[in-house]
Amino acid sequence: MSVVYILLSFIISLLLETTLFNRLAIYGAKPDFILIFVVLTAVKKGPMAGQLYGFIGGLMQDCLSYGVLGVQAMVKTITGFGSGYLKNKLEENSPLLIMILVFLVTIFSGFLGALARAFFTSYMFLSHEAVRIVVSAGYNAVLSPFVAMVVKEIYPAHK
Amino acid sequence: MSYWWIKYKESIVLIFLVALCLVLIGSPFNQQVQSVRTFFYYLLSPSQKASFEMIQDNSRLAKNLLSLINLREENLDLQEENYRLKSEIQQSRDFLAENERLKTLLAYKKGSAYYSQLARVIGSEPENCYTSIWVNKGREDNIVENMVVLAYQRGSIGLAGRIVEVLPQSARVLLITDQQSELRVLNERTRYEGVAQGENHFSLRLRYFLNEADIKSGDILVTSGKGGIFPPGLKVGRLTDVFQEEDKLFKGGIAVPEINPGLLEEVLILNTVKK
């Protein structure tokens, strides 16, 4: 059942990202709810769940973008896999730790995505792209405790 | 085999998934890939439209959220009354602004040499709002690829982008600020020609202006009409910086687009077939 909830969360996240948060973009950056879900699910369930959800969520984002199909899927797969190794090593109830983790992971995945695009396409990495990634990381960090509450509901502690 | 699977299953799955992603990245932008994309967007499109309508109906929900936070601390009735009045004023302002935008676009439509249709923006890309947007007009409204999209902002009409993907009831607009977008532009004052490329940000990178080209900050850039997609004379942006390219062969520059694609609400889609 949790799979259904996570997929539903992905769809709602995509709707929010492409509609409401278009008006709340800062410096062109929007929060990446799917990334937050992937990281927090990975921390809760481990690398396998992290990479699978990362792949699905990233692919969904790729489908809605006009860029190269597969870049977001790859970035989020790797991010989910890496974050999964923090299972049982992170105090999940600490909002500050979650925020720091999400901030760092967003920066990592942002630069990994830029690197992949630069490697596979004619994409040029520009300085304001770096600023956008940092702003997006801040945005994600601020919103991560709220997403953590949703993830906590999907995966209650006793499971 | 089972031993290896148990011990390294996460890594095996990771390698498989990354390989799958690389295959997808390497696959050409062909019909099959496009069909998968279109199918997925087709599934999401009705919800996206509904979400957009909901946001519109709730009249700038985000703007009102901040005032809602303090609501409990104040006298509830007074605060509600205040909030209602503020919302009405905000709504009236929004309607006035919308009215002005639509009137200008309609006036442009009447005076234009091209058939055109007004459309509403219903969504953008998940990651960046300067790359592409979706509008609520599609194949059923006779929208086809490469139609030109204009918008009205801050008292002027400017080029927003072009249609690159069409579904029955919606279409994707590749914004001029997307890095994949390149168009030929003319300096309106001196008629020197160059190329403007998006930067995935509220700016355009200009290239290939001849060394002797008379271009300076503040100059207005318009479409040149060459290239077969954009008709001539559409406002693209304003030069903010001019410099010599590293190769010393050309001048380059930075321009600010005439319209901010991140703030679009309505657009005008031009059919570049003349009336």
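Strand 6 (residues 182–187) and strand 7 (residues 193–198) of chain B pair in the antiparallel sense, over five bridges. Pairing requires at least two DSSP bridges between two strands. Strands are DSSP runs of E with at least two residues, helices runs of H or I with at least four, both numbered from the N terminus. Glu182(B) has Gln197(B), in strand 7, as its bridge partner.

This is a predicted model: local features need pLDDT of at least 70, side-chain atom pairs count only at pLDDT 80 or more, and totals for chains, interfaces and linings use all residues. Residues are numbered from 1 along each chain as its sequence is written, and chains are lettered from A and ligands numbered from 1 in the order in which they are written.

The strand pair belongs to a closed barrel of six strands in chain B, in the order 6-7-8-11-10-9, with antiparallel pairing. Neighbouring strands of this sheet are turned by 40° against each other on average, direction ignored. The axes are lines fitted to C-alpha atoms.

Now the chain contacts. In chain B, 40 residues are in contact with 38 residues of chain A; contact means C-beta atoms, placed from the backbone, within 7 Å. Helix 1 (2–26), helix 2 (31–57), strand 1 (114–124) and strand 5 (171–175) of chain B each supply at least two residues of the side that touches chain A. Helix 2 of chain B gives the largest share, 11 residues.

In chain A, Gly46(A) sits in the loop between helix 2 (33–45) and helix 3 (47–64). Not counting residues up to four places away in sequence, Gly46(A) touches Gly84(A) and Lys87(A).

Definitions and conventions. Axes are lines fitted to C-alpha atoms, for helices over the stretch in contact, and angles run from 0 to 180 degrees between N-to-C directions. Two residues are in contact if their C-beta atoms, placed from the backbone, lie within 7 Å.
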